Amino acid sequence: FIQMLRSAKKRDVLQLLRRAPEGMLPFVVEAAVAAQSVASLAALSDFLDFSKEPKSLLEKFLYAAAFSPRPSGELLRLVLDKLDGKQLAPEVQETGIIAMGSLLGKLCQQKLCGLQEVERAVETILRGLRGAKEESEVVIYLLALGNTALPETIPTLLDHAEEGPAAVAAAAISALRQFPARHISSKVKRAMRRIFHEKRKSYEKTCRLAAAEILLDNEPSPMDVINILLAANELETEMATFLLLKVQNSLRADHHPARKIMKDIMRDPRINNYNFFSKAGISSSFSGPLTVTQDLLSTFGLDLLFLEGGLLRKSVSDFSLLSRGRRLRAAQVTIEAQGMESMLGENVLEGEEEPELTAGMSAIFFDVQLRPIVFFQGYTDLMAKVLLSSGEPTSVVKGNLLLMDHHQVIPLQSGLQVAIKLQGGLGLDISADMDVSIWEQELKTSINTRGSLAIDFQAELDAPFLQATLRSQTEVETSIQFDTILRFSSSPVLMCLQLREEQVPYR
């Protein structure tokens, strides 16, 4: 369909968009974005009216742009023009800012940072960040900066990480974790040390742990590792348990950048002893390989951080691909809940402000941070959702994406030429659900990921006396469901985790 659209005129693409049945329209929009021909982008510009179209279709268009493997300046201009100066639904505005960040980052990877559209988009995000009044707005702009992964935005992120309120600091540190190791400079590490060791002010526990993870995951110095381990002795049980498990994980993982340093430090019996590593919390951190080949390692990781009273504060499930020193976050889903202690009559630790009762989720997919989703905010909102719950999971992202788009002509020694085309499309549906039962004192979370990948490869030799074509098509389907059930009616808290993976058909 994409190949057909690439050779179509604007008039034909526009007619397709206008005549497509309602159920097919999102698919046609996604394909028109993926085609990225002058005609298809001009047709989308005429067709999409951001003041009239349903939110779901506009989000489909913006996410299709965000995941585009090799975006053009024209695609970024189209997104900028559609968002510029309009009164839009908050979800569409936020998705647009996130998509803009992703497009920026990918254009700069293609050495197209000098484009006028790129400069305009950078200025739009930074201006929006300066003018943002609400915390939730600031968070979106910071996550967009994480998607750009532009080194010149690091000072802005560091400023918000150190000085911002808890939600803003967490978003800024999360954005910094999107950057490759070469951009995590000594300046960034100094700021992360100040946050973890609370040199200037006190920070929320998830911010401190995220700062420690940046230090441990990016070529750490032996002193950093030792200081983090020594600090773990002073931390509350759950934080200490989580941190020490992180360190033990990196010792087991052959690919971890800190493994050698950790092994050397563990030779010191003052650190590597039972008293140090016997923290009895229920928080956990696990990471292990799913597939290992000569060129590729795919891993599954699961982090669970609990509060001292036994409630789940944060869960992160992560599927990553590592190849030739590069890491790709294929899918990372984070579910966070806070403020539950007061609801169950538990006391907040002395010196800590009481957080608002909230629960939400954020996801990173193929290194693109998606718009965070709030399940409920405040006690009234929770009660309304408990009483009026439809039982339907919340959709995080659903659609069809072009992930690979490669065209190359290879001259052979004989003087002939081979044209190679490679395209890969992904159908994806990620949904999540969180169910709080106050009466049964249960918390259930469920993350469902369904995907199908189709890869089309074609090599063509075309000469006056000979024509040969080699073609291969590959299809894979998979479905992974991750459920947690927490029952906090008794002590200790009972927890059940379940990871279900359906049989993978591979054709």
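In which loop does Q36 lie? Q36 is found in the loop between α3 (25-35) and α4 (38-47), helices (H or I, at least four residues) and strands (E, at least two) being DSSP runs numbered from the N terminus. The model is predicted: local features need pLDDT of at least 70, side-chain atom pairs count only at pLDDT 80 or more, and totals for chains, interfaces and linings use all residues. Residues are numbered from 1 along each chain as its sequence is written, and side-chain values use heavy atoms, with hydrogens and water left out.

Two residues other than glycine have positive phi values, as tabulated here.

The domain assignment gives domain 1 (282-386) and domain 2 (389-506), with bounds from an automatic or database assignment. Their centres, taken over C-alpha atoms, are separated by 20 Å. To the contact (heavy atoms within 4.5 Å), domain 1 contributes 30 residues and domain 2 contributes 28 residues.

Between them the domains bury about 2400 Å², 89% of it on carbon and sulfur atoms; buried area is the accessible area (1.4 Å probe) that two parts lose on being put together, summed over both. The count of salt bridges between domain 1 and domain 2 is zero, a salt bridge being a side-chain nitrogen of Lys or Arg within 4 Å of a carboxyl oxygen of Asp or Glu.
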